[in-house]
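Hello,

Here is the structure I promised to pass on. My notes follow below it.

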Amino acid sequence: MTTTSRFFAQGGSESEDESDFEKEVESNNIRYLADLPDGEFCCCMDTKRVVKPRKDKCFEEMTNTIENMKHAMNINDCVYLQETFEKLNKHLERVLTITKSVKAPTLYIKTLVLLEDFLNEDKVRKMSTSNSKAFNSMRQKLKKNNMQYQEDINRFRESPDIEDDDEYEEEVEESTDDNVSWEMLFSLDHEVITWNMVNKKFKEIMAARGSKRRSARLKLKTGETHADKLMDLTKIAKTPAQKLEILFSVISAEFGGLSEYMPIDVWKKCVVNMLTILDIIVKYYNINVVDDTAEPDEKETSKPVDYDGTIRVSGNLVAFLERIETEFFKGLQCIDPHTNEYVERLKDEPMFLALAQKIQDYLERSGDYKGASKVALILVESIYYKPQEVFDAMKKMADEEIEEGKESGPTSQIVPRKPTFAGSSRAMMDTLISFIYTNGDERAKSRAMLCDIYQHALMDNFVTARDLLLMSHLQDNIQHMDISTQILFNRTMAQLGLCAFRVGMINESHSCLSELYSGHRVREFLGQGVSKNRDHEKTTEQILMERRRQIPYHMHINLELLEAVYLTCAMLLEVPNMAANSHDAKHKSVSKNICRLLEISERQAFTAPPETIRDHVMAATRALTKGKFQEAFSVLNSLDVWRLFKNRDSVLNMVKARIKEVALRTYLFTYSSSYYKSLSLDELAKMFDISESQVHSIVSKMMINEELTAKWDQPTQCIIFHEVQHNRLQSLAFQITEKLSTLAESNESAMESRNGGAGLDMSSRRRDNSQDYAAAASGNRGLQMDGSSLTRGVSA
């Protein structure tokens, strides 16, 4: 009770307390609002809030922003001018949305004219660094912004006395005439629809593409994408040029916003739309597709079909085709190659080839040979890796699809949808490559040359492929080209090495493949995987870039086969070299890789049965060093990877013959000088299961090349060995000769690097005797194999 009495201790009623509280609040409000003007105070206290129409409010905001821009121009504040210009464009979007108009108000056009006059004045302004940057940036933005309002600007400059508000109202009223809803537009008869109606809807969709808010609102209302809405407009387009313009925007909309590869159905729609574009430009000769950097007249597409002059439509056929190829390539990269989806995706390739061929034909007829050469290169890169059997299968599949299309019903297509295949892939490649050599740029010519060499090697035309490579000098400049071209060069060298092995040229095959296997990055060099390096951590961007360079699975070169060929060639060259230099600890090895693998194998306490390809080759090498050529061949013959050769039996017979020859050479190097004084020809033939003529040929070559110090005794058919012992003077002379040759090679390489690789041509002095003989035996004595020149530049 004491507590409550404290609150009610004062006298007076409850109503008096409330009135005193209201007076105090009222006095406080008056004190806080004393600084306001009388009008605002009265508005706050006596009158109600006035709500303006949304249209008037947006137009008033635009007017205030323009006044701020004029003030910024008066004080030369370009930084603030740039900010207010961006606000003005946002106000313009709101005004156009509210008024449902396409044409900008005259007040906005007048402001653009004032800005042009201000930025194009020749008087010298003293500006700060930030103000100068803003001035230059404002110039570029205004120039780009005024391109779409150029007609209105010119009209205003001719008659600048038009009242802003009246003109604005007239424009709003005029714009509502042709501004109909989507439902009403498609319910009208085709004769009632005008070019302006379609054009306004087209601009409305294009404006929505640039604004996320408009795009979301459009998709929310209709449930369709921009491409779907644009395709609907193509059905009611009034002129072929307008339909062509909308189709270009459809394809561009399909490409936009793709983080992963394009879906297959969308990709097929793009190809069909491109063929439809070709139908239009082939049917109407007066329609020319100009580069998209040019800006044709806004009303160019309103010209009717019977227009006498030329109608220009902005578009780039080559760029769209390259993007379609990129999406097809990307899809093959992302799809699992071991599924049926990958096989079904490959069946779409004839459709793409047909599109590329028709675009090339159109560009050739139009006189654009530079663009036609780019399309020809796309065709070459789609064919070069296919053997003749795959080419014939693709041709047959394309014919079957065309027959199925004819049975489904007649079509009104002007451009044929069937690709034109030559009798063979080689004939088709020759035609395309000749066109590229005549009209293409340097990069296109280089890539076309590499594709040509690849296919010649694929068809076992090793001499032709080698001559093309040596004459083109691509190996000298490949390090300065882009990474994709370097990967193509590495693939070409790998295929050239396989070709040389198939035709029995072991030295040449090893020269082509040795640089690829100089490190542990074969997958990365060939674009078939990403190498993992513990010492170097790659960023996310580097990993993404490497993944984009990967080639699809059906273009891969089998790495197990490539490793088996390389190690087999290295074994056949290194085993006799080790036997010939067994007493020389500093002898130069032919293949450091196989020597290292052999040392690792010999250090093992227990040798397990071979499992991998390296284990099989090492087991064969150990048997061959002991003269057990039959065991060495049986170990290599047990590899399943040889079945990938279509001529497997002939290749294995060649390997068996080479193993016998290497066993004979190794035996002679090992036992000639210290164990035997003479050997019978027939005994050697029986020992290594070789004919006497072959033994005579092999031994004679060794004598000629000074590898064997011996002579033939013709009456007895025996080899008489000579024990050669060099005195100290001769040994010193040999050492001086080796040092001089090393010094000469270093001087030559220094001169070549100084002159850009074209100073001296000393390749003939660097060739060893075995390579010279191999090149002469191949039937081409003009160009000889040079391993150092063939394998230069593998740096992808």
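Is Asn593 buried or exposed? Asn593 is buried: its relative accessible area is 17%, and the cut-off for buried is under 20%. Bear in mind throughout that this is a predicted model.

Asn593 sits in helix H30. Beyond the residues up to four places away in sequence, Asn593 touches Tyr517, Ser518 and Tyr566. With Tyr566 there is also a polar contact, side chain to side chain, at 3.0 Å.

Next, Arg502. This residue belongs to helix H25, which covers residues 483–502. Is Arg502 buried or exposed? Its relative accessibility is 14%, so Arg502 counts as buried. What does the side chain of Arg502 pair with? It makes a polar contact with the side chain of Asp460, at 2.6 Å. Asp460 is also on the contact list of Arg502, which leaves aside neighbours within four places in sequence. Take a look at Val651 in particular. Arg502 and Val651 are 149 residues apart along the chain, yet their C-alpha atoms are separated by 5.9 Å.

Now helix H31, residues 613–625.

Which residues of H31 are buried? They are Ile613, His616, Val617, Met618, Ala619, Ala620, Thr621, Ala623 and Leu624.

After H31 comes Gly627, which has a positive phi, near 85°.

Last, the surface. Tyr671, Tyr675 and Tyr676 form a nonpolar patch there. Together the three have about 330 Å² of accessible area. Tyr675 lies in the loop between H33 and strand E3, the latter being residues 678–680. Is Tyr675 buried or exposed? Tyr675 has a relative accessible area of 59%, so this tyrosine is exposed; the cut-off for exposed is over 50%.

To recap the two polar pairs: Asn593 with Tyr566 at 3.0 Å, and Arg502 with Asp460 at 2.6 Å. Both Asn593 and Arg502 are buried.

Best wishes

Methods. Residues are numbered from 1 along each chain as its sequence is written. This is a predicted model: local features need pLDDT of at least 70, side-chain atom pairs count only at pLDDT 80 or more; totals for chains, interfaces and linings use all residues. Side-chain values use heavy atoms; hydrogens and water are left out. Helices (H or I, at least four residues) and strands (E, at least two) are DSSP runs, numbered from the N terminus. The expected span of a helix is 1.5 Å times one less than its number of residues. Buried means under 20% relative accessible area, exposed over 50%, partly exposed in between (1.4 Å probe, protein chains only). A polar contact is a pair of N or O atoms within 3.5 Å; within protein, one must be able to donate a hydrogen and the other to accept it, and residues adjacent in sequence count only if both atoms are side-chain atoms. Contact means heavy atoms within 4.5 Å. Patches are made of residues with over 30% relative accessible area and no salt bridge: like charges are joined within 9 Å, nonpolar side chains (Val, Leu, Ile, Met, Phe, Trp, Tyr) within 5 Å. Accessible areas come from the Shrake-Rupley method with a 1.4 Å probe; for residues, only the protein chains shown count as cover. A salt bridge is a side-chain nitrogen of Lys or Arg within 4 Å of a carboxyl oxygen of Asp or Glu.
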